[in-house]
There are 2 protein chains.
Amino acid sequence: MDYINLDYKPKKSELIAEYLVKPAPHVTIDFAVSQIAAESSIGTWTTIQTMKPRIAKELSPHVFSIKRKTNNRFLIRIAYPIALFEKGNAPQLLSALAGNIFGMKILKELRLEQFIFPKEYLKGFKGPLYGIQGVRAITKVKERPLLGTIVKPKVGLDPIEHAQVAGEAWAGGLDIVKDDENLTSMSFNDFKRRVKKTFEKRDMIENLTNEKKIYLPNVTAETFEMLRRVEYVKSLGGEYVMIDVLTAGFGALQTLRDNSNGLAIHAHRAMHAALTRNPGHGISMLALAQLLRLIGVDQLHIGTAIGKMQGPKKEVKTIFNEIELPAYVSNEMVQDWGNIKPVMAVCSGGLHPLLMPQLLKIFGKDAIFQFGGGCHGHPNGTRAGARALRQALDAALNNIPLKKAAEERPELRQAFEKWG
Amino acid sequence: MDYINLDYKPKKSELIAEYLVKPAPHVTIDFAVSQIAAESSIGTWTTIQTMKPRIAKELSPHVFSIKRKTNNRFLIRIAYPIALFEKGNAPQLLSALAGNIFGMKILKELRLEQFIFPKEYLKGFKGPLYGIQGVRAITKVKERPLLGTIVKPKVGLDPIEHAQVAGEAWAGGLDIVKDDENLTSMSFNDFKRRVKKTFEKRDMIENLTNEKKIYLPNVTAETFEMLRRVEYVKSLGGEYVMIDVLTAGFGALQTLRDNSNGLAIHAHRAMHAALTRNPGHGISMLALAQLLRLIGVDQLHIGTAIGKMQGPKKEVKTIFNEIELPAYVSNEMVQDWGNIKPVMAVCSGGLHPLLMPQLLKIFGKDAIFQFGGGCHGHPNGTRAGARALRQALDAALNNIPLKKAAEERPELRQAFEKWG
């Protein structure tokens with residue numbers, strides 16, 4: 001069967017997937033894309049006796065666009081009848097459109113670039129419970145980006161030390177303190193003890209500063225254990241949990257979204273770059289971000305466009321727009337998110353105070369800027385690091401050059417000594 | 001901090017990870033591996049004031065081996081103190097050892113090749129409930145490989161047609177019938193109706209043939225929905241469920257292992273090749289297979305070494321040995337699996353009857369050979385395809401050339417006409 005029809009106009013009810021395809025040597029692009037369309041829907045590698053005309057008619061996908069790129073790569077688009085997908089089942093979507101096709105010998109490389117979800121498919125999912133507006137309401141910060149830190153070292157502190165570092169960061173002026181992605185419940189730092197001590201500290205600092213302070217405890221674990229941790233956080237008056245969405249996986253994430261008991265979800269993307277980094281093979285961060293908005297995380301790490309982690313600026317901006325806007329046009333295709341709320345973007349990884357003006361310029365105010373080493377690495381420690389960050393943000397918001405602002409602000413001045 | 005010590009002898013209690021590293025241009029391998037060791041454990045990109053000497057002493061990993069390979073790649077080994085990992089939390093292991101490090105700018109490429117799990121870490125996990133011996137007991141087949149098929153077309157049949165195709169395959173002589181990876185609960189094929197009809201057919205064919213017949217219903221979904229499907233399968237007298245382990249994810253898989261109510265778990269690996277295919281970047285199938293054995297699937301797709309899917313023979317054999325042997329030496333490192341049972345290997349993808357002698361030669365008897373198109377693509381349909389497969393297996397087990405066996409077996413002869 002040949003699934004190519006370049007005159008085909010996708011129906012509004014169809015789900016579209018865009019792939020970058022590099023056929024194996026001596027394989028035509030036509031054969032390659034037909035096999036991709038088949039393997040991701042109703043077909044297999046050989047003709048079969050059990051195929052019915054009805055199925056071929058009703059469920060065949062259509063390859064409706066093939067664009068030649070450099071390096072023998074082709075950007076292709078396939079429209080899939082919506083019946084090929086179970087409503088509200090994210091793993092099933094991936095098993096179809098990001099499954100066996102990555103391993104086909106007739107391909108040299110394959111990358112899933114993006115989805116366009118039709119309205120009917122969106123309805124199967126909840127999207128974010130809070131989204132950007134909800135996050136603003138919880139944090140009581142309306143007019144500026146949120147500032148956060150990750151307790152460092154990543155692991156090793158005991159619960160009291162952990163709470164202490166968090167308290168210093170809050171006291172210095174940060175809004176959010178987050179566990180690191182590899183810190184769950186350890187022999188030296190039990191989840192319950194850590195969370196209890198850290199919320200005690202939060203309450204204390206909120207009283208001192210009269211500012212709302214947020215703690216993001218990492219609940220990443222087997223699903224039931226994760227939900228027990230959610231309940232514990234809830235019982236202590238937490239507003240949020242964080243989860244490593246890719247290592248916990250989409251099944252567990254959907255369960256968390258359905259059972260978060262009113263807690264907002266902060267999504268860390270540890271492991272994404274194993275999938276997303278190769279420009280020719282794997283799954284783009286854009287496609288993952290679309291799926292995560294659909295399922296419904298409230299905050300999502302999208303990269304920094306600057307700093308220690310890979311991710312070109314244009315790509316990061318595209319992801320930012322896709323998760324924050326009500327509708328987004330990428331490569332002439334429109335994703336209308338309908339009732340699915342926007343997700344607050346999180347920039348994290350290798351950031352320090354001196355990068356604040358750039359961050360503000362790139363991402364604007366609807367973002368969370370997180371500083372790990374860039375806070376605790378301050379020569380005078382965590383509280384001074386947090387102060388330097390607030391000073392840098394205030395200056396950047398008022399268009400005052402940081403160098404100038406630093407003249408009268410010792411913490412920011414010291415940040416220049418370390419990172420300038 | 002420098003984490004390299006090539007004289008270091010890893011302790012028996014430590015967890016070892018092996019990576020293939022390609023530093024970015026102008027970055028030394030020493031700097032690259034130290035940053036990998038740091039980011040996957042206690043470190044960050046800059047010096048911090050919150051680090052304690054106790055933590056550096058007790059939790060520092062050691063890079064104890066660096067081997068130069070071609071193309072500016074290095075095979076490195078890192079020994080991690082076991083306290084860095086939460087017992088029994090598979091997502092946490094990945095968040096640490098397969099997390100942020102894939103995105104570091106100082107690396108051009110990074111691939112996680114394998115783990116060595118110490119005894120203490122193994123104890124946190126259950127491993128397979130049944131394993132190879134248990135699968136033999138359930139299926140009542142002791143002396144030969146198991147033969148299976150996937151109902152085709154992948155999706156599109158209604159529950160009655162689905163059961164019909166399954167019945168034909170069982171009647172023709174196959175042991176196992178499996179749902180395809182993208183078939184869950186669809187508008188045209190409801191999970192409950194399909195499973196009910198297919199088990200009715202199974203009971204009928206078991207009575208007719210006096211052979212044990214196995215059905216693997218695909219329960220891949222959000223965790224709670226998955227567990228509801230497990231209970232439904234159990235209530236109808238099923239022995240197995242199948243799950244797409246990577247698209248459902250490790251959190252949900254652990255939950256399934258803990259709550260399978262006595263059902264065996266068949267693991268499909270859809271999406272693995274997005275991670276595993278690039279020889280320089282991502283996560284090897286070997287490492288994924290190790291983690292899946294640890295968590296405890298009973299059957300796992302490992303590739304075919306022949307057929308439509310990519311995967312060189314040597315690599316597939318290594319994975320086979322790692323999941324089936326009580327202990328395995330790969331690259332001079334020994335993984336002793338202790339009480340963790342072996343997993344039955346499944347070969348699936350582009351196989352047909354004429355490949356049977358090769359399959360038997362490569363994998364031996366402790367394997368499941370699955371034929372989708374290679375069964376239903378038979379010119380005379382599914383039952384004839386199943387017969388041809390049993391005929392091919394019987395001939396291969398008795399060292400009779402298939403050509404010769406086909407002389408007196410019309411179904412096998414017809415298979416030659418199509419695939420010869």
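**Exercise 1.** How many residue pairs are in polar contact across the interface of chain A and chain B?

*Solution.* The model is predicted: local features need pLDDT of at least 70, side-chain atom pairs count only at pLDDT 80 or more, and totals for chains, interfaces and linings use all residues. Residues are numbered from 1 along each chain as its sequence is written, chains are lettered from A and ligands numbered from 1 in the order in which they are written, and side-chain values use heavy atoms, with hydrogens and water left out.

Step 1. A polar contact is a pair of N or O atoms within 3.5 Å; within protein, one must be able to donate a hydrogen and the other to accept it, and residues adjacent in sequence count only if both atoms are side-chain atoms.

Step 2. Under this rule, 52 residue pairs, both at pLDDT 80 or more, are in polar contact across the interface of chain A and chain B.

Step 3. On the side of chain A that touches chain B (contact: heavy atoms within 4.5 Å), 40 residues are nonpolar, 42 polar and 18 charged. Here Ala, Val, Leu, Ile, Met, Phe, Trp, Tyr, Cys and Pro count as nonpolar, Asp, Glu, Lys and Arg as charged, and the others, Gly among them, as polar.

**Exercise 2.** Which side chains meet in a salt bridge at 2.7 Å, N to O?

*Solution.* Step 1. A salt bridge places a side-chain nitrogen of Lys or Arg within 4 Å of a carboxyl oxygen of Asp or Glu.

Step 1. The side chains of B:Arg229 and A:Glu86 meet in this way. Between chain A and chain B the count is six salt bridges.

**Exercise 3.** Where does A:Ala305 lie, and is A:Ala305 buried or exposed?

*Solution.* Step 1. A:Ala305 is in the loop between strand E11 (299-301) and helix H13 (313-324) of chain A; helices (H or I, at least four residues) and strands (E, at least two) are DSSP runs, numbered from the N terminus.

Step 1. With a relative accessible area of 16%, A:Ala305 is buried (under 20% relative accessible area; exposed is over 50%, partly exposed in between; 1.4 Å probe, protein chains only).
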